[in-house]
Amino acid sequence: MQDVHDSNRLEKIKELLGQSTYSMEDENKRFNEYCSRIYSHISPFLQSMGDAQQLARFKQLPPYHNWSTSKHSCMLILCGHNHHSTRSASWCWLSPVAIDVISSFRNPNNNDHACAYYVLGLRSGDLVPQVLSAILLQLLESNRSALHRDEAGYTELCNELREYQKETSSGGRHSHLKAMALRTLNMLGSSGKTIYIVLDRVELCQVISDEAESADHREKILEIMVYLVEEAQVRLRVLAVVNALVFPLEGAGINRTKKERVIIYSVKQETLSK
């Protein structure tokens, strides 16, 4: 009976988010197809995170190791510079790092971790609302008990969702989404789980520039993730992979009040030594 009640609540949240047709089955299908495409691009002459040994060595480097073992919430932004011979490629050589984290932690039966992810570029219209809505629904889908365990949190989430529906400006909608994301994370707090959010190919989040609106959704989604890492009452680990040749992160306006919570690591792809 409780499962049915939680399912009904989740469907209500989907409806209020305007995501009634969203399903994890479709999300996982897109992800599996994406993995196949990424690994088909591996070159025997270039460094590749698709290589198990290379990936294992990378995970021992201080930036990744510090992020993955941090006792407090932390965000790791990986800026991948593809080798010059693949500068025009439609993929990022560090994407297998994101794939590895997603594959390791997306099991909904894991009692120690919860994982939500979004790979940009797999559908049209990748904007902040689409990205955050998917992240929230994945977290709630895999932690449905939070929908009845925290009644006050659920009520506040629904109230925020109704305000979100009424909002017409993109800035106002982003503010509501940010508040809803924080509320959702805090609802999961009593589970004791470490929460992972993985964003791959952030540079493909859209940039809108017209008379009605001007917004860089790449910067906005990173800004919101930084906010969540700094404010969430759960242990949150965010991994974001960016193709730095498309989106040089040095030019992004990322405000950090707790600089120790955000690690930015730039890595160039090199040729393999003979």
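User: Is Leu10 buried or exposed?

Analyst: This is a predicted model, in which local features need pLDDT of at least 70, side-chain atom pairs count only at pLDDT 80 or more, and totals for chains, interfaces and linings use all residues. Residues are numbered from 1 along each chain as its sequence is written, and side-chain values use heavy atoms, with hydrogens and water left out. Leu10 lies in helix α1 (residues 2–17); helices (H or I, at least four residues) and strands (E, at least two) are DSSP runs, numbered from the N terminus. Buried means under 20% relative accessible area, exposed over 50%, and partly exposed in between (1.4 Å probe, protein chains only), so Leu10, at 0%, counts as buried.

User: Leaving aside its neighbours within four places in sequence, which residues is Leu10 in contact with?

Analyst: Contact means heavy atoms within 4.5 Å. Ser145 is 135 residues from Leu10 in sequence, with 11 Å between their C-alpha atoms. Apart from neighbours within four places in sequence, the contacts of Leu10 are Leu137, Leu140, Glu141, Arg144 and Leu147.

User: How is the aromatic pair of Phe58 and Tyr265 oriented: stacked, edge-to-face or tilted?

Analyst: The structure holds 6 aromatic pairs. Phe58 and Tyr265 form one of them, with 6.1 Å from centre to centre and 35 degrees between the planes. Rings of Phe, Tyr and Trp (its six-membered ring) pair if their centres lie within 6.5 Å; planes under 30 degrees apart count as stacked, over 60 as edge-to-face and the rest as tilted. The pair of Phe58 and Tyr265 is therefore tilted.

User: How many residues apart are Phe58 and Tyr265?

Analyst: Phe58 is in helix α3 (residues 52–60), while Tyr265 is in strand β7 (residues 262–268). Phe58 is buried, at a relative accessible area of 3%, and Tyr265 is partly exposed, at 23%. The pair links distant parts of the chain, and its two residues are 207 residues apart.

User: Which residues do ring pairs link into a cluster?

Analyst: Phe58 and Tyr265 both belong to the cluster.

User: Are α3 and α4 roughly parallel or roughly perpendicular to each other?

Analyst: Two packed helices are described by the angle between their axes and the distance between the axes. Axes are lines fitted to C-alpha atoms, for helices over the stretch in contact, and angles run from 0 to 180 degrees between N-to-C directions. For α3 and helix α4 (residues 62–69), the angle is about 70 degrees and the axes are 5 Å apart. Angles under 35 degrees count as roughly parallel, over 145 as roughly antiparallel, 65 to 115 as roughly perpendicular and the rest as oblique, so α3 and α4 are roughly perpendicular.

User: Which residues of α4 make the contact with α3?

Analyst: On the α3 side, the contact is made by Phe58, Lys59 and Gln60. On the α4 side, it is made by Pro62, Tyr64 and His65.

User: Which residue has a side chain joined to that of His81 by a polar contact?

Analyst: His81 is found in strand β1 (residues 74–81) and is buried, at a relative accessible area of 18%. Among its contacts beyond four places in sequence are Trp93, Ala244 and Ser266. A polar contact is a pair of N or O atoms within 3.5 Å; within protein, one must be able to donate a hydrogen and the other to accept it, and residues adjacent in sequence count only if both atoms are side-chain atoms. At 2.9 Å, the side chain of His81 is joined to that of Ser266.

User: Which backbone nitrogen does the side chain of Ser48 reach?

Analyst: Ser48 lies in the loop between α2 (24–40) and α3, and counts as buried at 12% relative accessibility. Not counting residues up to four places away in sequence, Ser48 touches Ile42, Gln54 and Trp93. At 2.9 Å, its side chain reaches the backbone nitrogen of Gly50.

User: How far from the ring centre of Tyr154 is Arg9?

Analyst: A charge sits over a ring if NZ of Lys or CZ of Arg is within 6 Å of the ring centre and within 35 degrees of the ring normal. Lys178 has its charged end over the ring of Tyr227, 4.6 Å from the centre. For Arg9, over the face of Tyr154, the distance is 4.1 Å.

User: What is the phi of Arg201 near?

Analyst: Arg201 is in the loop between β3 and β4 (207–209), and counts as buried at 4% relative accessibility. Most residues other than glycine have a negative phi. Arg201 has a positive value, near 70 degrees.
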